[in-house]
Amino acid sequence: MRKNKNRPKYRDIKSHIFNGKRYVVKWVRDRNGIGCCLPPDAKLKAIHINPDLDPRTLLGVICHESLHALEWNLSEEFVEEAAESIAELLWKANFRLIE
């Protein structure tokens, strides 16, 4: 059962497995960014995502940080382009947050 019924459901995601490695998902308000993925050699593998983003931006950030978790060695330029392309397709297909 959810602790806070007013909190969006996506905030209940606490971890996800990428390539057999569990990453903690932290919903963190960050003045300096909208998201980040810690390196795969970090003791605690984690993705940080700012929960205050508008839904379309949030979708892009989730795609972006997920790509980093899947393949850390991809260039930032490639990850940015791929994440935006995937997020745009999902958005056009009418994928939306369920709150």
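Trp27 has Ile49, in strand β4, as its bridge partner. This is a predicted model, in which local features need pLDDT of at least 70, side-chain atom pairs count only at pLDDT 80 or more, and totals for chains, interfaces and linings use all residues. Residues are numbered from 1 along each chain as its sequence is written, and side-chain values use heavy atoms, leaving out hydrogens and water.

**The sheet**

- Strands here are DSSP runs of E with at least two residues, and helices are runs of H or I with at least four, numbered from the N terminus.
- Two strands count as paired if DSSP finds at least two bridges between them.
- β2 and β4 (residues 46-49) pair in the parallel sense, over four bridges.
- Strand β1 (residues 15-18) runs antiparallel to β2 (residues 21-27), and four bridges join them.
- Within that pair, His16 stands opposite Tyr23 of β2.
- β1 and β2 form a hairpin with two residues between them, and Asn19 in the turn has a positive phi of about 50 degrees.
- What is the order of the four strands in the open sheet? The order is β1-β2-β4-β3, with mixed pairing.
- At the edges are β1 and β3 (35-37), each pairing on one side only.
- As background, strands of a sheet pair through backbone hydrogen bonds, either parallel or antiparallel.

- Ala46 has its place in strand β4.
- Is Ala46 buried or exposed? Ala46 counts as buried because its relative accessibility is 0%, where buried means under 20% relative accessible area, exposed over 50% and partly exposed in between (1.4 Å probe, protein chains only).
- Ala46 and Val25 are 21 residues apart in sequence, yet their C-alpha atoms are 5.8 Å apart in space.
- Leaving aside neighbours within four places in sequence, Ala46 is in contact (heavy atoms within 4.5 Å) with Tyr23, Val24, Cys36, Cys37 and Leu38.

**The nonpolar cores**

- A nonpolar core is a set of buried Ala, Val, Leu, Ile, Met, Phe, Trp, Tyr and Cys residues joined through side-chain atoms within 4.5 Å.
- The largest one has twelve residues, including Phe18, Trp27, Ile49, Leu58 and Val61.
- The elements giving two or more residues to this core are β2, β4 and α1 (55-70).
- Apart from this core lies another of seven residues, among them Leu59, Leu67, Val79 and Ala83.
- In soluble globular proteins, nonpolar side chains tend to be buried together.

**The cysteines**

- How many disulfides are there? The count comes to zero, taking a disulfide as a pair of cysteine sulfur atoms within 2.5 Å.
- For Cys37, the nearest cysteine sulfur is that of Cys36, 7.5 Å away.
- Cys37 counts as buried because its relative accessibility is 10%, and Cys63 is buried with a relative accessible area of 11%.

**Confidence**

- pLDDT is the predictor's confidence in each residue, from 0 to 100.
- The protein has a mean pLDDT of 90, and 90% of its residues reach 70 or more.
- Among its elements, helix α2 (residues 76-92) has the highest mean pLDDT (97) and β3 the lowest (94).
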